[in-house]
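Biologist: Could you take me through one part of this model closely, and then show me what else goes with it?

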Amino acid sequence: MKKSLILICFNTIFYILFIVFSFIGIPLFSLIVAFQAVFISHRNAMKKFRRAISWYGIVIIKALPYPFVKIIYKDLDKTKTAGPFIFACNHRSASDPFLLACFPYEFVQIVNIWPFKLPVLGFMAKCAGYLSVREMPFESFSKKVTDLLNNGVSIAAFPEGTRSADGSLGQFHSSIFRVALQTGYPVVPVCITGNEKIPARGTLLLRPGTIKIHKLSPITYDEYRGFTPYKLKNMVRQLIADEIEVMEGKGNA
Amino acid sequence: MTEQEIIKLTNQVFEDSFEIKNELLKEEMNIFQDLGLDSLDIVDLVVALQEKFGVKIRNDERIKDIRTIGDVYKFIISLKAESAPPAPYSQK
């Protein structure tokens with residue numbers, strides 16, 4: 001009974017703050033960047049706008065659910081490889097796109113159709129140049145991603161294409177790995193665990209918990225040169241699967 | 001070309017184009033769920049099968065119904081049968 005009450009209070013407070021902050025914070029951030037854009041180049045304005053989105057994401061994932069949800073971000077990259085990067089992340093929850101705000105990089109997310117339909121958030125995603133992979137032919141997708149990478153913008157994708165229904169790692173789509181093979185930019189596997197119920201698929205109810213995000217070492221072009229897209233996507237998938245096992249205490253650390 | 005030869009060559013396509021181990025190439029394996037091919041991989045598969053068997057597949061509507069490796073075998077077998085020259089008429 002007490003637990004249910006705490007859960008209801010936590011969710012009520014979170015969603016009230018989420019709506020208020022989204023409807024005030026997003027227009028405010030946008031106005032600040034729009035004002036600065038008059039004095040700086042389009043490229044720098046976009047950089048600032050994407051940074052503003054990351055700040056918005058950090059508030060949503062770290063500040064609003066505090067102290068019920070804890071985020072532990074670990075960068076396991078010891079190579080110091082230069083970006084931009086192609087991040088490939090597993091996908092268990094609707095909170096995943098917000099969690100990527102932990103990355104200290106300028107990046108664009110590859111998303112499904114539905115995030116663009118969300119009020120305010122969808123508008124912001126479009127303005128930031130987020131790409132809806134299902135709404136464009138592969139050639140257009142490839143060109144847009146390549147242009148972003150060549151301009152120093154990293155790409156974050158969820159190659160499973162949809163949230164996992166049972167927490168297991170789904171099969172990967174190859175689009176982003178084909179672009180990697182065409183462009184030669186490093187591919188970075190990213191593993192997210194602990195957010196299966198923050199919120200679970202099919203509900204908006206947030207449950208308390210600890211979310212772990214592990215960013216693994218980049219796979220450089222020298223390592224994947226000559227691979228087929230199928231081989232590259234399965235290599236990345238296996239690295240993510242192995243790390244998830246370690247993160248969930250099922251494998252060897 | 002016999003059915004066994006077609007199966008062997010089809011398996012070679014899967015091994016060469018996707019580096020899928022031969023042990024995984026069983027008739028009942030779903031090419032999407034079990035092997036993890038996606039729509040773009042299917043395009044690669046079609047191109048490789050066309051080259052291997054010298055047939056035209058790209059615009060064939062039956063591709064959309066393929067789900068398992070067994071479906072791929074049956075599809076190629078039927079294509080080869082369709083493209084084979086008609087048997088000479090024999091008078092007894």
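**The sheet and its surroundings**

Modeller: Helix H5 (residues 138–150) of chain A lies across strand E3 (107–111), E4 and strand E5 (154–157) of chain A, and it runs at about 135° to E5(A). Keep in mind that this is a predicted model: local features need pLDDT of at least 70, side-chain atom pairs count only at pLDDT 80 or more, and totals for chains, interfaces and linings use all residues. As for labels, residues are numbered from 1 along each chain as its sequence is written, while chains are lettered from A and ligands numbered from 1 in the order in which they are written. Helices (H or I, at least four residues) and strands (E, at least two) are DSSP runs, numbered from the N terminus. Axes are lines fitted to C-alpha atoms, for helices over the stretch in contact, with angles from 0 to 180 degrees between N-to-C directions. H6(A) lies across E2, E3, E5 and E6 of chain A, at about 155° to E2(A).

Those strands belong to an open sheet of 7 strands in chain A, ordered E1-E7-E6-E2-E5-E3-E4, with mixed pairing (strands pair if DSSP finds at least two bridges between them). Strand E1 (69–75) and strand E4 (131–132) of chain A are at the edges with a single partner strand each, so one side of each has no neighbour in the sheet.

Now zoom in on strand E6 (residues 187–193) of chain A. In E6(A), 7 of the 7 residues are buried, so the strand is largely enclosed by the rest of the structure. Buried means 20 or more other C-beta atoms within 10 Å of a residue's own, exposed means 12 or fewer, and partly exposed is in between, with C-beta atoms placed from the backbone. In a regular strand the side chains alternate between the two faces of the sheet. Both faces of E6(A) are covered: A:Val187, A:Pro189, A:Cys191 and A:Thr193 are buried on one side, and A:Val188, A:Val190 and A:Ile192 on the other.

What flanks it? Strand E2 (residues 86–89) of chain A pairs with E6(A) in the parallel sense over 4 bridges. There, A:Ile86 has A:Val187 in E6(A) as its bridge partner, and A:Ala88 stands opposite A:Pro189 in E6(A). Strand E7 (residues 209–215) of chain A pairs with E6(A) in the antiparallel sense, again over 4 bridges, with A:Cys191 opposite A:His214 in E7(A).

Back to H6(A), since it leads us to the other chain. In total, 11 residues of chain A are in contact with 8 residues of chain B (contact: C-beta atoms, placed from the backbone, within 7 Å). On the chain A side, helix H6 (175–183) and helix H8 (229–247) are the elements that give two or more residues. H8(A) supplies the largest share, 3 residues.

Over in chain B, the axes of helix H1 (residues 3–18) and helix H2 (residues 39–53) come within 10 Å and cross at roughly 130°. B:Phe53 sits in helix H2 of chain B, and it is partly exposed, with 18 other C-beta atoms within 10 Å. Leaving aside neighbours within four places in sequence, B:Phe53 is in contact with B:Leu9, B:Ile76 and B:Lys80. The C-alpha atoms of B:Phe53 and B:Thr10 are 8.9 Å apart, though 43 residues separate the two along the chain.

Technical notes:
Contact = placed C-beta atoms within 7 Å.
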